[in-house]
Amino acid sequence: MASSPTQLGASNAPLPPLTDGPHRKRLGLVALVATFGGLLFGYDTGVINGALSPMSAELGLTPITEGVVTASLVFAAAIGAIFGGRLSDAWGRRKMIILLAVLFFAGTLAVVFTPNFEVLVLGRILLGLAVGGASTVVPVFLAELAPFEIRGSLAGRNELAIVVGQLAAFVVNAIIGNVFGNVGGVWRIMFAICALPAVALFFGMLRMPESPRWLVEKGRHQEALDVLKTVRSGDRAVAELADVEHVAQEEREGHQIGWRAIFSNKNLFRILLVAIGLGVAQQLTGINSIMYYGQTVLTESGFSKDGALLANIAPGVIAVVGGIIALKMMDRLDRRRTFITGLSLTTTCHVLIGIASMALPVGNPIRPFVILFLVVAFVGSMQTFLNIAVWVYLSEIFPLHMRGFGIGVAVFALWVANGFLSLYFPSMVAAMGITGTFFLFAAVGALALIFVVTQVPESRGRTLEALEEDVTTGAIYLVHKK
């Protein structure tokens, strides 16, 4: 088993402590630029919430084609996730993020200037490929650059950027929808805003460094050291590089290299299944159904159409607040504890939403406000205890040689689950109402809680290299059992 993870690296040599200086500011700047990818992820997934109604009116969409427009991004994101991870292993994290910025911009242009349904879907697919790629590459890039002591809060900034992007979409939709609602093509303006962060991401990443751990994997050790020295003190950079080189050498000697090693090592295969299960469990809480169809849920609860558009901002605000709280907790609380707390709270909120919608009949003046309060509580619980923690966990749990592939497969499964919920959520609400839909989410949440308690090992407090040894040997499960 690995030595004390809070003090030792994979080579069992103590790492020098973190120090303040220009390298800390440089690390913050790199994280800020990279998280424009998360901002784009959030805006592009959230903008459909308010743009769908005027878009449908202009293009003559039916309920079926509305579902296709919404879900096309999500299913394309699944493809983008798995290929984005693999391509980032081959080309590098930085180059992949630059390519994603181009995809975001091209997809935005296709949607904004679309003449018909077919081009609209093409634009949404391009955006989906970019969103999926960003969901795998950006967290890995941040995790590989971060010191292990602050890896949770640094890598978690991407998820905070996602919910900031979603909130921005909700606010922009509400302002444009209520002020310019009578202007033709108002939804095109909502989507056009997305071009700005895409341009910022492209030019910003041109000046950012490559992941030092990816450089070591490719045998470019001096470049890796040069990068580490820009985001660490000199002695810490040398010590971390030695750690990464030590683990990389052990894997080469043991022929544990590349994604094929997963099928010859039961511990690697098991951690892949754990990551897939955790990603799917996160989606089956129904969080993105609220983010995509929040206006629909609130209208069903009793709000007017314009009132629902404004009320829909509340979940976006609490998501950002919860994200800020989560970042402060990420380096202090164990991942498992946050998962268990989050699933317990979200499942409770599901039950309460179901009870409230059943106990308060349509037409009751307090019904919409009670359901809005519970939806806000659900989103706050989800963002504070689950969303950021899950994305950080997925970015750190895989060994370096399979990290891009591993997170790609896990996020592929996550996006497929998201896609099916996006496609069928309106039908579920139509068939079962809010009551049945949220009781179903509660049942799935209870199963997810059992899965986390019994299967998900802890990952906080270890360097990526120490984690890599524990995962490869299976020692991480022994730590979990203790």
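Residues are numbered from 1 along each chain as its sequence is written, and side-chain values use heavy atoms, with hydrogens and water left out. In this predicted model, local features need a pLDDT of at least 70 and side-chain atom pairs count only at pLDDT 80 or more, whereas totals for chains, interfaces and linings use all residues.

Helices are described first, the term being used for DSSP runs of H or I with at least four residues, numbered from the N terminus. Helix α14, which covers residues 266-283, has 18 residues and spans 26 Å from its first C-alpha to its last, close to the 26 Å expected at 1.5 Å a residue; the expected span is taken as 1.5 Å times one less than the number of residues. At the start of this helix, a side-chain oxygen of Asn-265 comes to within 2.8 Å of the backbone nitrogen of Asn-267. Asn-267 is itself among the buried residues of α14, which also include Leu-268, Ile-271, Leu-272, Val-274 and Ala-275, where buried means under 20% relative accessible area, exposed means over 50%, and partly exposed lies in between (1.4 Å probe, protein chains only). Helix α17, residues 313-329, has 17 residues and reaches 25 Å between its first and last C-alpha, close to the 24 Å expected at 1.5 Å a residue. The buried residues of α17 include Pro-315, Gly-316, Gly-322 and Gly-323, together with Ala-319, Val-320 and Leu-327.

Two individual residues illustrate how buried positions are surrounded. Val-30 belongs to helix α1 (residues 22-34) and counts as buried because its relative accessibility is 1%. When neighbours within four places in sequence are left aside, Val-30 is in contact (heavy atoms within 4.5 Å) with Phe-141, Leu-145, Met-208 and Pro-209. Thr-437 is placed in helix α20, which covers residues 403-455, and at 0% relative accessibility Thr-437 also counts as buried. With its neighbours within four places in sequence again set aside, Thr-437 is in contact with Phe-425, Met-428, Val-429 and Met-432.

A nonpolar core is a set of buried Ala, Val, Leu, Ile, Met, Phe, Trp, Tyr and Cys residues joined through side-chain atoms within 4.5 Å. The largest such core has 136 residues, and those with the most contacts inside it are Met-55, Phe-191, Met-205, Phe-339 and Trp-415. Helix α20 gives the most to this core, with 16 residues. Apart from it lies another core, of six residues, among them Ala-308, Ala-311, Leu-372 and Val-376. Met-205, one of the residues with the most contacts inside the largest core, is in contact with Val-33, Ala-34, Arg-94, Ile-97, Ile-98 and Phe-141 when its neighbours within four places in sequence are left aside.

Charged pairs were then examined. Side chains of opposite charge can pair when their charged atoms come close. The structure holds 16 salt bridges, each being a side-chain nitrogen of Lys or Arg within 4 Å of a carboxyl oxygen of Asp or Glu. In one of them, Glu-144 pairs with Arg-403, the closest N and O atoms being 2.8 Å apart. Glu-144 lies in helix α6 (residues 117-145) and Arg-403 in helix α20, so this pair ties together parts that are 259 residues apart in sequence. Glu-144 counts as buried at 0% relative accessibility, and Arg-403 likewise counts as buried at 0%.

A further salt bridge joins the side chains of Arg-236 and Glu-149, at 2.9 Å from N to O. This pair links distant parts of the chain, with Arg-236 in helix α13 (residues 234-253) and Glu-149 in the loop between α6 and α7 (151-155), 87 residues apart. Arg-236 is buried, with a relative accessible area of 1%, whereas Glu-149 is partly exposed, with a relative accessible area of 29%. The side chains of Arg-213 and Glu-240 also meet in a salt bridge, at 3.5 Å from N to O. Arg-213 lies in helix α11 (residues 212-217) and Glu-240 in helix α13, so the pair ties together parts that are 27 residues apart in sequence. Arg-213 is buried at 5% relative accessible area, and Glu-240 counts as buried at 4% relative accessibility. Salt bridges that share partners join Glu-149, Arg-213, Arg-232, Arg-236, Glu-240 and Glu-465 into one network.

Notes: Helix = DSSP H or I, 4+ residues; strand = E, 2+ residues; numbered from the N terminus. Polar contact = N/O pair within 3.5 Å; in protein donor to acceptor, adjacent residues only side chain to side chain.
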